[in-house]
Amino acid sequence: MTRLTPDPTTIVSLADLAGQPDANPCLSCGACCAHFRVSFYFGEVDVHGGTVPQALVTQISPSRVCMQGTEHGGGRCVSLRGELGQPGIHCDIYENRSTPCREFDMWQADGSPNPDCQRLRARLGLAPLGPRPDAENDPQGPSTPSDQPRAA
């Protein structure tokens with residue numbers, strides 16, 4: 001079993017959390033992946049040097065694409081696997097996901113729950129999130145310098 005540490009510089013992959021559903025509330029939710037339009041710069045697509053597979057995106061402007069299924073908002077991302085609100089839901093391209101997916105945090109910098117996350121969880125009938133369960137619940141935000149890479 002992988003031991004999760006509160007070290008903010010440790011990158012924890014979805015695979016590390018697979019046997020620990022309580023460690024990541026996203027693994028029993030998925031609401032954001034079936035609500036928001038996931039649009040981003042076309043340079044993130046694999047054929048342009050990025051990591052997101054071209055077959056999974058739709059061109060929405062000359063320089064922007066979005067994940068298929070999310071074109072108009074309120075649609076389920078093509079890469080989302082599993083049933084909303086149930087344990088085991090996950091992103092099929094997690095390691096190659098786009099910037100908006102990497103940057104959507106369930107908690108704000110001060111450790112309080114993201115209000116958008118709370119609202120979407122409530123629509124699924126899921127319990128609200130409490131404060132971030134780590135040692136960095138600090139009104140000034142995480143102690144990690146802002147120029148450090150963020151955990152995925």
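Which residue with a positive phi follows α3? That residue is Gly-125, with phi near 80°.

A quick note on what you're looking at: this is a predicted model, where local features need pLDDT of at least 70, side-chain atom pairs count only at pLDDT 80 or more, and totals for chains, interfaces and linings use all residues. Numbering starts from 1 along each chain as its sequence is written, and side-chain values use heavy atoms, with hydrogens and water left out.

**Helix α3**

Helices here are DSSP runs of H or I with at least four residues, and strands are runs of E with at least two, numbered from the N terminus. α3 covers residues 115-123. Buried means under 20% relative accessible area and exposed means over 50%, with a 1.4 Å probe and protein chains only.

| Side of α3 | Residues |
|---|---|
| Buried | Cys-117, Leu-120, Arg-121 |
| Exposed | Pro-115, Ala-122, Arg-123 |

The buried residues fall within an arc of 105° seen down the axis (taken from the directions from the helix axis to the C-beta atoms), so they line one face of the helix.

**The sheet**

Three strands make an open, antiparallel sheet in the order β1-β3-β2. Strands count as paired if DSSP finds at least two bridges between them. β1 (39-41) and β2 (57-61) sit at the edges with a single partner strand each, so one side of each has no neighbour in the sheet. β2 and β3 are joined by four bridges, and Thr-58 stands opposite Cys-66 in β3.

**Ser-79**

Ser-79 lies in the loop between β3 (64-67) and β4 (80-81). Its relative accessibility is 2%, so Ser-79 counts as buried.
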